[in-house]
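Me: I should like to learn how to read helices, strands and cavities in a model of this kind. May we work through them one at a time?

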Amino acid sequence: MPDTRQEVIKARCFLKERLQRDYTSLRGYEAERSNVRQLLQRTAEMGESNSLLLIGPRGAGKTTLINAVLTDLLENKSFVDNTLIVHLDGNLHTDDRIALKSITVQMRLENAADGKVFGSFAENLAFLLQCLKAGDKKSKSVVFVLEEFDLFCTHHNQTLLYNLFDVSQSAQAPICVLGVTCRLDVIELLEKRVKSRFSHRQVFLFPSAHKFDEYSALFEQLICIPSSKQLQLDADRIDSLELLKSETFTFQRNHFDGIEYTFDKRFLDNWNKQVSKLTKSPAVQKTLQALYDFDVSEAFLKMFIFRLVAQLKPNAPYITAEQVTSLASQYECDHKVDLLCGLSVLELCLIIAIKHHSTIYDRDPFNFEIIFGRFSKFAKVSTTMQGVERPIVLKAFEHLRVVELIMPLSNSGLGKVQKDFEMHKLALTYGQIQQAVLRYQALPTEVAQWAQSSLI
């Protein structure tokens with residue numbers, strides 16, 4: 001009989017590590033992956049020079065796509081023998097001098113370039129590429145991966161980009177420039193002379209908003225524990241990463257390797273059955289649909305699952321539908337509703353008066369005098385709000401403005417208009433006000449009834 005406690009702890013560690021350190025598993029984007037793979041293959045095998053931009057929102061999988069393509073190509077001996085990979089990041093390499101120094105180090109040409117004086121950046125780069133040529137004039141291919149490509153566009157004269165694109169266009173040496181960015185307007189950031197040398201190949205990665213079935217299947221796949229046979233296949237693929245001789249690509253040194261884990265077969269079957277049953281339950285499907293409407297990216301789903309897995313304990317060995325629903329509700333919470341629930345009853349009454357005014361007059365602007373008149377009508381027939389003096393109501397109105405639940409129409413002419421008559425607009429939806437009224441602790445019944453109907 002296996003020790004369930006140990007198996008649960010092991011499963012929790014396995015799932016957490018896989019969610020955090022699996023840098024090469026790309027799901028979807030088959031056409032884009034094939035496109036980039038063929039581009040790099042042609043550079044390595046035929047000596048073609050190319051340039052390409054990968055564009056997509058953060059968390060879409062741009063860097064993972066490059067990692068996955070490189071892992072695929074490491075099985076190709078000619079690619080491993082004939083290609084150098086240079087990785088630059090716009091956040092680290094903040095000017096062209098630092099970038100050139102990093103290129104020299106990554107190409108392992110520090111000794112060749114040591115002591116030489118170059119007239120220009122172009123001369124220096126040409127010398128580095130010339131050093132890669134063998135005796136038969138065949139040159140090694142170089143793949144330049146530029147993360148945060150848009151930041152390289154801010155460098156002085158865009159010298160680095162100009163020279164890289166110039167080499168790729170003039171076929172001086174076989175190089176491939178892969179830019180990675182989240183800016184859709186990145187082409188407009190390029191200078192005219194740089195733009196003319198760029199191939200204008202662009203690959204867009206956008207998570208689809210119409211594939212909920214795949215999203216649901218991905219949720220199940222990320223929580224399931226694979227069989228030992230599948231883990232062995234993944235381990236063989238990860239072992240090939242040792243062929244990636246790069247000091248700057250660190251993902252291969254810290255990559256998740258599931259072969260370290262062995263699970264009891266009975267626990268494994270029970271776990272996967274439970275996960276399959278969980279995913280099919282209507283409550284979880286409804287919750288996943290809400291999450292999908294909120295954010296379609298895989299990165300967001302992984303973070304959500306990580307928080308779920310962290311709740312696993314020996315005395316609660318399986319993920320339940322209640323845990324999924326409870327965790328998802330945290331993403332749906334509205335901070336303005338929480339703010340409304342923290343107001344005094346008087347301030348909430350003013351918000352309700354503003355809501356009624358906005359409903360009747362189609363969200364027309366209002367001032368304190370208008371709202372005070374509407375509030376006074378309610379106060380006359382209310383037992384809780386009788387006897388509240390005007391200065392106190394004005395102070396409550398000003399507090400609503402301070403916390404930005406109501407906004408002044410303009411800042412101009414503040415000295416000319418009395419604060420009682422300054423026009424404001426409501427910065428809330430009617431749904432938020434309704435939700436706050438329902439959630440407000442110990443709200444007087446007459447106030448709750450007034451919120452439902454403007455009739456007094």
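Me: What covers the buried residues of α11?

Reply: In this predicted model, the cover over the buried residues of α11 includes α1 (4-21), α13 (265-280), α14 (282-294) and α15 (298-309). The residues in question are F212, Y215, S216, L218, F219, L222 and I223. Seen down the axis of α11, its buried residues fall within an arc of 155 degrees, so they line one face of the helix. The face turned away from that buried side carries D213 and E214, which are exposed.

Me: How many residues does α11 have, and how far does the helix reach?

Reply: The general idea is to set the end-to-end distance beside the span expected at 1.5 Å a residue. Helix α11 (residues 212-223) has twelve residues and reaches 17 Å from its first C-alpha to its last, close to the expected 16 Å.

Me: Which residues of α20 are buried, and which are exposed on the other side?

Reply: Buried here means under 20% relative accessible area, and exposed means over 50%. In α20, V393, L394, A396, F397 and L400 are buried. They cover an arc of only 160 degrees around the axis, which puts them on the same side of α20. On the other side, P391, K395 and V402 are exposed. The buried residues of α20 pack against the helices α18 (345-360) and α19 (368-381) and the strands β6 (406-408) and β7 (424-426).

Me: What span should the 13 residues of α20 have, and what is the phi of E404, which follows the helix?

Reply: At 1.5 Å a residue, helix α20 (residues 390-402) should span 18 Å, and its end C-alpha atoms are 19 Å apart, which agrees. E404, following α20, has a positive phi, near 60 degrees.

Me: Which strands pair with β4, and in what sense?

Reply: Strand β1 (residues 50-55) pairs with β4 in the parallel sense over six bridges, and L52 stands opposite L178. Strand β3 (residues 141-147) also pairs with β4 in the parallel sense over six bridges; there, the bridge partner of F144 is V177.

Me: How many cavities of 30 Å³ or more does the structure hold, and which residues line the largest?

Reply: There are two cavities of 30 Å³ or more. The largest has a volume of about 40 Å³ and is lined by W271, Q274, V275, L278, Y318 and I319.

Key: Residues are numbered from 1 along each chain as its sequence is written. This is a predicted model: local features need pLDDT of at least 70, side-chain atom pairs count only at pLDDT 80 or more; totals for chains, interfaces and linings use all residues. Side-chain values use heavy atoms; hydrogens and water are left out. Two strands pair if DSSP finds at least two bridges between them. Helices (H or I, at least four residues) and strands (E, at least two) are DSSP runs, numbered from the N terminus. The expected span of a helix is 1.5 Å times one less than its number of residues. Buried means under 20% relative accessible area, exposed over 50%, partly exposed in between (1.4 Å probe, protein chains only). The arc is that of the directions from the helix axis to the C-beta atoms. Contact means heavy atoms within 4.5 Å. On a 1 Å grid over the protein atoms alone, a cavity is a set of points where a 1.4 Å probe fits but cannot get out, and a pocket is an open set with protein on both sides within 12 Å along at least five of seven lines; lining residues have an atom within 4 Å of a point. Grid points are joined across faces, edges and corners, and a volume is the space filled by probe spheres set on the points.
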